[in-house]
Amino acid sequence: MKYKILLIGNNKPTIDDLFLHLSTEFDFQNSSNRFDDVACHLKYFQPHMVVYCMHNETREVMSQMITLKRDKVQRRTPFAVVASQDDCDEFRRMSADTADLELVKPITAFQIADQITTYLKRNFSFAEEDTKPVIPDVTPRTMEEQRTQALLNNIDSLFSGTDANGRKHILVVDDDFRMLKLIKRYLEDSYDIATAINGKVALKFLENKMTSLILLDYEMPGDNGPAVLEKIRANPMTSNIPVIFLTGINDRKKIQQVLSLKPQGYLLKPIDHDKLVDAIKNTIG
């Protein structure tokens, strides 16, 4: 059993380092910094810990993450910060309640792993039937807290393909974390990127969140790409979302099966940066 860790924040080198060195020890999921993206990942990925990796973060984004910790994460999921001493100090000054775990850089990926594992083993046990941490529920104690929680719950049901700044949103579905990292690096300067490690997580994500485009792997555990696309097309709420397949499959019969589902594109791996960007621009702009 692996601990499930949701990684957020702007420190891409730290996030990449954790993915690269610790994927055999933890089940990682990476989210954009959009409040509703993180909220959806919390709901459907159900991580054992949120790890906020930041570097010279703007006060505006830091404030959003503090709001997320206070009103959405609460004490249901531990919240760790990986940052320089100055950034940790600033986070503490801006927040009424500090992070559950502060990991001050410079610190190696393996030291981060040791401290996360020690914290989770000390504070939580696991239910026998699944891997969710057994953590007591926290009920808002005041009317103001209850109103805040109600508003946050409503956020989960909003559908939007763009963020407040008009950036379009792309959902990448692939069971290879290296491919997720590569595509995120290719596209994150122009688009908001969310990732899903399999079709089940992707479909759950789409129940509460709209996206402008789906990049879909062919071969995945559980439902493969064509099976996921069939379910997307069968749902009136998601049937019109453009889908581009990304795959190493070159079997003629399988390609014909995919094309019969009428995706908006089909790109072979290894993914070429320019071809990927051109395909996305031709599909959603």
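1. Strands here are DSSP runs of E with at least two residues, helices are runs of H or I with at least four, and both are numbered from the N terminus. Two strands count as paired if DSSP finds at least two bridges between them.

2. A word on provenance: this is a predicted model, where local features need pLDDT of at least 70, side-chain atom pairs count only at pLDDT 80 or more, and totals for chains, interfaces and linings use all residues. Residues are numbered from 1 along each chain as its sequence is written, and side-chain values use heavy atoms, with hydrogens and water left out.

3. Zooming out, the open sheet has 5 strands in the order β2-β1-β3-β4-β5, with parallel pairing. At the edges sit β2 (26-30) and β5 (101-104), each pairing on one side only.

4. Helix α2 (residues 35-45) packs on that sheet and touches β1 (3-8), β2 and β3 (49-53); contact means heavy atoms within 4.5 Å. The direction of α2 makes about 175 degrees with that of β1. Axes are lines fitted to C-alpha atoms, for helices over the stretch in contact, and angles between N-to-C directions run from 0 to 180 degrees.

5. α2 also packs against helix α8 (residues 199-208), at an angle of about 125 degrees and with the axes 10 Å apart. The contact uses Asp37, Cys40, His41, Lys43 and Tyr44 of α2, plus Lys204, Phe205, Glu207 and Asn208 of α8.
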